Amino acid sequence: MKKKKIVILFTSDVHGKISPYNSQDKSYDGKGYAKVSSVINTVRKEEENVIVIDNGDMLQGTPLSHYMLAEKEDNSQIHPVISACNTIQYDAAVIGNHEFNYGREKLEKAVNDSSFPWLSANIVKKRTSDPYFGTPYTIKKFDGMTVGILGLTTKNIPVWEPDRHIDRFDFLDPVETAKNWIRHLKDEKQVDVVIIAYHGGFESDPVTGQYLAASNGENQGNELLASLPEIDVLITGHQHLVYQAVTEAGTAVIQSGTKGEFVGRIDLDLEKDQEEDQFTLVHKETSLLPVKDAPADETILSDIKEIEKEVDDWLDETLTTISDPSTMQIEDPLKDVWIKEHPMIEWVNKTFLKITGAEMASTAFFLTQGMTFSNTLTRRDIHAFYPFANTLVVMEATGEEIRSSLEFSASFLTLDADGLPAISESWKYPRLLSYNYDMWEGIQYTVNLHKPKGERITSLTFNGEALDPNKKYCVATSSYRASGTGGYDMFGEDKIIKEFPFGVTEMLIEELENTEEFIPQTNQNWKVLR
């Protein structure tokens, strides 16, 4: 028997991060593609047969990425993330859901500018079964060994994206799609190893069965494992988990977090049967390689130096002054935002109401750490405070649906052994889900933490009267929330009656540009009893 080794390296959900410095506050965080590059280069020097994959959501997520996709007038320049990945020499990338945030044309340009193929078997041309980007899989060969890599993407993209971004695509079920293509890889291409790179995750831990996410079609990793025992390696993403295992059935499963904090690694050992003239996979091992101690690739940093300076100058432009910044500081989100109204949350919601004319509005605080404010508000501040590429929508929801959503939000909080407010354990895993905790404007409500979950909204009024459970109200919120994901099953795309086709962050920036002075204030329309 002749033994051979193949090493698969991958990143996932890097979300536009290149530099190891945080673009929001310029602090060093030691993540990103420049660090990833050094880790990959080290492994390539050590190992003979290496495959490198990005598993999606690479384009969106930083102010630099946003600037390139939405603000820069010269559209001919290659996106810095694509340049970095070309330099790293990825073998393939998978289409992630956030790749659609800036529309089809921006995505197509990124794909065309890439020196590697983009894979997604289940994203097809409208009303066909033809993969839109033409490459459902890629084949890699090493010394007679053949590896097939099939790309798949979560099918729930139509739940989150406006029609204008996806009107030429259909999103097929990844499990059913994979069955056909894996049969093709095994029978027609005679691959020795089957790898699925799936931009999606798990509803439950593949080994322990622990609950991870709702069963709504967003994360079908468990279904892929159950339906396709031929899978040798299942690379996942989307959930930002740091996870690795080999299942009882022998499939290597792995997810590498976010922002390029880890490079996922799968080592495969194969033996060749000389009589049969074919390779057999005899051992699999998964690991996660931290990038924090690796040097940043100076070539990649040099390539973005000029555009980073341009973006920094743009981010640091003052939008308006703050009359009293002392009332704005967020040292502890739990104490300063989640159990009492914060001026920025109120302002965001009131801006939603002003722009849409809706009766009520809701938003969340997306950071898991604090935030410091000076005597001005800059673009950088707003991109830090509202970092997601959501759009603003108006949906119709009944009073009962609104109450139900408030009860779900209230489950984010609990009382600890000392009777003090704390975050519920169920909201901490697989990561802190604080971005699903909403705070509202336009209604008056009370959350009583001494009550059991589902009975905590002890007062709920609109214009001084109890909210009518059967009446429909107009609610301004993000496209993400209105979609019904994140536990808000009472909402859904069918309830959206109007969409504003610009990013929320850009709307907030425009509002501040027309504000002579930001005056922090709260009307205390909601309170938490503890």
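# Reading helices and loops

Tutor: Start with Asp57, which is buried, with a relative accessible area of 1%. Buried means under 20% relative accessible area, exposed means over 50%, and partly exposed lies in between (1.4 Å probe, protein chains only). This is a predicted model, so local features need pLDDT of at least 70 and side-chain atom pairs count only at pLDDT 80 or more, while totals for chains, interfaces and linings use all residues. Residues are numbered from 1 along each chain as its sequence is written, and side-chain values use heavy atoms, with hydrogens and water left out.

Student: Where is Asp57 found?

Tutor: Helices (H or I, at least four residues) and strands (E, at least two) are DSSP runs, numbered from the N terminus. Asp57 is in the loop between strand 2 (50–54) and helix 2 (63–71).

Student: What is the phi of Asp57?

Tutor: Most residues other than glycine have a negative phi. Asp57 is not a glycine, yet its phi is positive, near 60°. Lys259 also has a positive phi, about 65°, and is not a glycine. Lys259 belongs to the loop between strand 12 (252–256) and strand 13 (262–273).

Student: Is Lys259 buried or partly exposed?

Tutor: Lys259 is partly exposed, with a relative accessible area of 24%.

Student: How do I read the packing of two helices?

Tutor: Angles run from 0 to 180 degrees between N-to-C directions. Under 35 degrees counts as roughly parallel, over 145 as roughly antiparallel, 65 to 115 as roughly perpendicular and the rest as oblique. Helix 1 (residues 33–46) and helix 3 pack at about 10°, with their axes 10 Å apart. They are therefore roughly parallel.

Student: Which residues of helix 1 and helix 3 meet?

Tutor: Contact means heavy atoms within 4.5 Å. Tyr33, Ser37, Ile40 and Arg44 of helix 1 meet Val81, Ala84, Cys85 and Ile88 of helix 3. By class, that contact has six nonpolar, one polar and one charged residues. Ala, Val, Leu, Ile, Met, Phe, Trp, Tyr, Cys and Pro count as nonpolar, Asp, Glu, Lys and Arg as charged, and the others, Gly among them, as polar.

Student: At what angle do helix 3 and helix 9 pack?

Tutor: Helix 3 (residues 80–88) and helix 9 (residues 298–315) pack at about 165°, with axes 10 Å apart. Helix 3 and helix 9 are therefore roughly antiparallel. Pro80, Ala84, Thr87 and Ile88 in helix 3 meet Thr299, Ile300, Asp303, Ile304 and Ile307 in helix 9. The contact residues divide into six nonpolar, two polar and one charged.

Student: What covers the buried residues of helix 1?

Tutor: The cover includes strand 1 (2–11), strand 2, helix 3, strand 13, strand 14 (278–290) and helix 9. Among the buried residues of helix 1 are Tyr33, Ser37 and Ile40.

Student: How do I check the span of a helix?

Tutor: The expected span is 1.5 Å times one less than the number of residues. Helix 11 (residues 343–356) has 14 residues and should span 20 Å; its end C-alpha atoms are 20 Å apart, which agrees.

Student: How many residues of helix 11 are buried?

Tutor: Helix 11 is mostly covered, with 11 of its 14 residues buried. They include Pro343, Trp347 and Phe352. Gly357 follows helix 11, with a positive phi near 75°.
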